[in-house]
Amino acid sequence: MVHGHLKHAQEYAARAAALLASMGVETMAEDGPASVLPGVTSFSSAAHAPDALVSLGGDGTILRGVQYAVQWNVPLLGVNLGRKGFLAEIEPQGLEDALKRLIAGEYTLEERPLLSVSFGGGRWHALNDVVVSRGGYARLIGVTTLVDGEMAGRYLADGVIVATPTGSTGYSLSAGGPVVSPRVDCMVVTPVCAHSLQHRPCVVGGSSVIRLELDSDEEQTASLQVDGQSRAELTAGMSVEISRSEEKVRFVRVQPEQFFGLVRGKLAEWSQ
């Protein structure tokens, strides 16, 4: 997986492909990057699925890679070429060493839970979050949140976020949600700019079923976004169901886990 608009992402991809070729490893990439990387086969023309995925970019590139990782049931190694890098395992200077360790089997795997999102016959997986937002609608939207059938709250807001622990450091954090360790089995429900001081983020069990219902008493529209990608448009009275997926994504780890150290470092960067 290669970020499509970062020149140095293509350069690192070429270096990675050359190193892997020298080790006798076949490399594949999405059709765009594969067309400009010598000796690299495109996903669409490959005869088989890869054994592992490497993401070169920011968190958005990793989220795109998650869809492939789940589809093929293969592990994913993230290399941070972006700004945040919460999901990435290594910085670019560690690329060659990480690839050698990956091929040698000198790594561990960390499983992260996914959300299953259902709406209008469609179903998607989310590693970070699911957002129902007002999108282009000019006014606040009314969203009722039900947890296992029980009403947890009705929000008049710009939207509502349902995040995994992994996604708790993303949009949910920016909207005032808590930082949650990835070891905690839960989901976080965070209203976005709610028109009431009584509404606060809440944490619910990881096995819960959450339903977000758009109010039906007036004409309003909302956008459904899954891991930052627009998936559908909602109109008054429609609802989205969110639960824990049976699938998980596996991240390649070549160094000790330092979640809170990473959080401290990234938050310090943002405050400068």
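Start by selecting Ala34. Ala34 touches Ala29, Val40, Thr41 and Ser42, leaving aside residues up to four places away in sequence. The model on screen is predicted. Now colour by secondary structure: Ala34 belongs to helix α2, residues 31-34. Is Ala34 buried or exposed? Its relative accessible area is 9%, and buried means under 20%, so Ala34 is buried. Met1 and Ala34 are 33 residues apart along the chain, and 9.9 Å separates their C-alpha atoms.

Next, select residues 7-22, which form helix α1.

Show the side chains of α1. Which residues of α1 are buried? They are Ala9, Tyr12, Ala13, Ala16, Ala17, Leu19 and Leu20. Turn the view to look down the axis of α1. The buried residues fall within an arc of 165°, so they line one face of the helix. Now look at the face turned away from that buried side. Lys7, Ala21 and Ser22 are the exposed residues it carries.

What covers the buried residues of α1? The cover includes strand β3 (53-57) and helix α4. Select α4, residues 95-104, and keep α1 in view. The two helices pack at an angle of about 40°, and their axes lie 10 Å apart. Their crossing is right-handed. On the α1 side, the contact is made by Tyr12, Arg15, Ala16, Leu19 and Leu20. On the α4 side, it is made by Leu95, Glu96, Leu99, Lys100 and Ile103. Colour these residues by type. Seven are nonpolar, three are charged and none is polar. Tyr12, Ala16, Leu19 and Leu20 are also on the buried list of α1.

Step just past the end of α1 to Gly24. Check its backbone: phi is positive there, about 80°.

For the last stop, select Asn128. Where does Asn128 sit? Its place is in the loop between β6 (122-126) and β7 (129-133). Asn128 has 13% relative accessibility, so this loop residue counts as buried. Show what surrounds Asn128. Leaving aside residues up to four places away in sequence, Asn128 touches Leu63, Leu87, Val162, Ala163, Thr164, Thr166, Gly167 and Asp227.

Key. Residues numbered from 1 in each chain as written. Predicted model: local features only at pLDDT ≥ 70, side-chain atom pairs only at ≥ 80, totals over all residues. Heavy atoms only, no water. Axes fitted to C-alpha atoms, helices over the stretch in contact; angles between N-to-C directions. Helix = DSSP H or I, 4+ residues; strand = E, 2+ residues; numbered from the N terminus. Left-handed = near helix turned anticlockwise from the far one by under 90°. Contact = heavy atoms within 4.5 Å. Nonpolar A, V, L, I, M, F, W, Y, C, P; charged D, E, K, R; others polar. Buried < 20%, exposed > 50% of the residue type's maximum accessible area, 1.4 Å probe, protein only. Arc of directions from axis to C-beta.
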